[in-house]
Amino acid sequence: MQSLQDKASEWSGVKREDAFAIDEVNLFQKLGLQTFVNLSTKFYNRVYDEEEEWFRSIFGNSKKEDAIQNQYEFFVQRMGGPPLYSQRKGHPALIGRHRPFPVTHRAAERWLHHMQLALDETPDIDADSKVRMTNFFRHTAFFLVAGDEMKNQNQQTQCKHGIQQPAAP
């Protein structure tokens, strides 16, 4: 059985070692807190102005300010800074926290589209950091897709005739 990390690499086109190249450099020290705040703000401004209702609706139950804070605190923590996210919300547990949302291939690509534009609009992020972050984001987006598919498989069982049936509650 293929691991979630292996599926993420296959679907994203990003090798695991490239995805985790963010750990070779302390991007928080290099870029600073405000750069992460700016990136998350640019990203969520795009998401909340999204023309595609199906994508915008994924974020419909979140206040934009909370989404921005959650994201930049996670990025800061993951990229070498203080554990802001964990101090406020507990362990990131990305698959679990994204469980209520439809994390499909299409949604991952749309998320990545907005993140790439936000990265391009954040001048304080140098080219090397941008490559490292892009690889991490792409791999992680498809890691979440793999987790979502695993969740959906666990909600269904095979009957003796090989037909998918919903799992008992």
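Visitor: At what angle do α4 and α9 pack?
Guide: About 135°, with the two axes 9 Å apart. Helices here are DSSP runs of H or I, at least four residues, and strands are runs of E, at least two, numbered from the N terminus. Axes are lines fitted to C-alpha atoms, for helices over the stretch in contact, and angles run from 0 to 180 degrees between N-to-C directions.

Visitor: And what do you call that arrangement of α4 and α9?
Guide: Oblique. Under 35 degrees counts as roughly parallel, over 145 as roughly antiparallel, 65 to 115 as roughly perpendicular, and the rest as oblique.

Visitor: Is the crossing of α4 and α9 left-handed or right-handed?
Guide: Right-handed. The rule is that a crossing is right-handed if the near helix is turned clockwise from the far one by less than a right angle, and left-handed if anticlockwise.

Visitor: Which residues meet there, between α4 and α9?
Guide: From α4 you have Leu39, Lys42, Phe43, Arg46 and Val47. They face Trp111, His114, Met115, Leu117, Ala118 and Leu119 of α9. Contact means heavy atoms within 4.5 Å.

Visitor: Before I get carried away, where do these coordinates come from?
Guide: It's a predicted model, so local features need pLDDT of at least 70 and side-chain atom pairs count only at pLDDT 80 or more, while totals for chains, interfaces and linings use all residues. Residues are numbered from 1 along each chain as its sequence is written, and side-chain values use heavy atoms, with hydrogens and water left out.

Visitor: OK, then how do α4 and α6 cross?
Guide: At roughly 140°, and their axes come within 9 Å. That makes α4 oblique to α6, and the crossing is right-handed.

Visitor: Which helices hold Phe43 and Trp111?
Guide: Phe43 is in α4 (residues 33–48) and Trp111 in α9 (residues 105–120), so the pair ties together parts 68 residues apart in sequence. Both Phe43 and Trp111 are buried, where buried means under 20% relative accessible area, exposed over 50%, and partly exposed in between (1.4 Å probe, protein chains only).

Visitor: What about Phe75 and Phe137, what sort of pair do they form?
Guide: A tilted one, 4.8 Å centre to centre with 35° between the planes. Phe75 belongs to α6 (residues 64–78) and Phe137 to α10 (residues 127–154), so this pair ties together parts 62 residues apart in sequence. Phe75 is buried at 4% relative accessibility, and Phe137 is buried at 3%.

Visitor: Where does the charged end of Arg106 sit?
Guide: Over the ring of Trp54, 3.9 Å from its centre. The cut-off there is NZ of Lys or CZ of Arg within 6 Å of the ring centre and within 35 degrees of the ring normal.

Visitor: Zooming out, what's the overall secondary structure?
Guide: It comes to 10 helices and 2 strands. Buried residues make up 40% of the 169 residues.

Terms used
Rings of Phe, Tyr and Trp (its six-membered ring) pair if their centres lie within 6.5 Å; planes under 30 degrees apart count as stacked, over 60 as edge-to-face and the rest as tilted.
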